[in-house]
Amino acid sequence: MEGSHKNNSTPPAASAEHDLQWQKKSASQQKTYARMLQRGDKNKMLKQLPELHEEAFSHINCLNCAACCKNYSPRFKTPDIKRISKYLRLKESRFIDRYLQLDDEGDYVVNQKPCPFLGSDNRCSIYEVRPSDCARFPYTNEDVLINRPRITLKNSSFCPAVFFVLEKLLKVK
Ligand code: SF4
Ligand code: SF4
């Protein structure tokens, strides 16, 4: 799926009771979110995003989560492949052979789950040069969040930051 971490097969597992709670709520709100994204005042919602993005990540720590890196793959576009293979001092072809595979849509994605660059401490070993999809994820400060409802709804099922922002947007008057 364009502009999103890609599903590597099974959905992410909830790791704690509170995860189950918000994931359950998110699942029950999908139609409400879809309606809001389709019919809501886009300009008003867009204006709120920077603040809501900050607020979400002021209390969500990705290092305690990593649900995206554990269960989905970013796309590795040509500039990503060039940059990362150089960083790893690998030939591009060697990098592709070792870490990537083509998916049904012709995009390069990681060939294993979790992402091979994710450490046991949930840190990304190629953070400085990570794929653009990873740097932008979960799009909570981009118009993608409003303009690509399908992606946003999927992401709201496993990313607590997307859930947080959508819940707050519901309250925008
Ligand atoms: S971006 Fe979302 S899913 Fe990924 S680690 Fe952060 S909170 Fe978790
Ligand atoms: S490259 Fe890094 S940020 Fe991107 S999915 Fe892998 S571990 Fe996560």
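**Close-up views of a predicted model**

**View 1. The crossing of helix 5 and helix 6.** In this predicted model, the axes of helix 5 (residues 78-87) and helix 6 come within 9 Å and cross at roughly 95°. Because angles of 65 to 115 degrees count as roughly perpendicular, helix 5 and helix 6 are described as roughly perpendicular to each other. On the side of helix 5 the contact is made by Ile 81, Lys 82, Ile 84 and Ser 85, and on the side of helix 6 by Glu 92, Phe 95 and Ile 96. Sorted by class, the residues of this contact are four nonpolar, one polar and two charged.

**View 2. The largest nonpolar core.** This core has 28 residues, among which Cys 68, Cys 159, Ala 161, Val 162 and Val 165 touch the most other members. The elements that each give two or more residues to the core are helix 2 (30-39), helix 3 (42-59), helix 4 (67-71), helix 6 (92-99), strand 4 (108-110) and helix 10 (160-169). Helix 10 provides the largest share, with six residues.

View 3. Helix 10 is mostly covered, as seven of its ten residues are buried. These buried residues are Pro 160, Ala 161, Val 162, Phe 163, Phe 164, Val 165 and Leu 166. Leaving aside residues up to four places away in sequence, Val 165 touches Leu 52, His 53, Ala 56, Thr 140 and Leu 145.

**View 4. The shell around ligand 1.** The residues around ligand 1 are Ile 60, Cys 62, Cys 65, Ala 66, Ala 67, Cys 68, Phe 137, Pro 138, Phe 158, Cys 159, Pro 160 and Ala 161. At least two residues of this shell come from helix 4, and at least two from helix 10. By class, the shell around ligand 1 holds twelve nonpolar residues, with no polar and no charged ones.

**View 5. The shell around ligand 2.** Around ligand 2 stand Cys 69, Pro 74, Cys 115, Phe 117, Leu 118, Cys 124, Ile 126, Arg 130, Pro 131 and Cys 134. The shell around ligand 2 divides into nine nonpolar residues, no polar residue and one charged residue.

View 6. Ala 27 lies in helix 1 (residues 17-28). Ala 27 has 10 other C-beta atoms within 10 Å and is therefore exposed, since a residue counts as exposed at 12 or fewer. Although Ala 27 and Ser 157 are 130 residues apart in sequence, they are 6.5 Å apart in space, taken from C-alpha to C-alpha.

Key:
Residues are numbered from 1 along each chain as its sequence is written. Chains are lettered from A and ligands numbered from 1 in the order in which they are written. This is a predicted model: local features need pLDDT of at least 70, side-chain atom pairs count only at pLDDT 80 or more; totals for chains, interfaces and linings use all residues. A nonpolar core is a set of buried Ala, Val, Leu, Ile, Met, Phe, Trp, Tyr and Cys residues joined through C-beta atoms within 7 Å. A residue is buried if 20 or more other C-beta atoms lie within 10 Å of its own, exposed if 12 or fewer, and partly exposed in between; C-beta atoms are placed from the backbone. Helices (H or I, at least four residues) and strands (E, at least two) are DSSP runs, numbered from the N terminus. Two residues are in contact if their C-beta atoms, placed from the backbone, lie within 7 Å. A residue is near a molecule or strand if its C-beta atom, placed from the backbone, lies within 6 Å of it. Ala, Val, Leu, Ile, Met, Phe, Trp, Tyr, Cys and Pro count as nonpolar, Asp, Glu, Lys and Arg as charged, and the others, Gly among them, as polar. Axes are lines fitted to C-alpha atoms, for helices over the stretch in contact, and angles run from 0 to 180 degrees between N-to-C directions. Angles under 35 degrees count as roughly parallel, over 145 as roughly antiparallel, 65 to 115 as roughly perpendicular and the rest as oblique.
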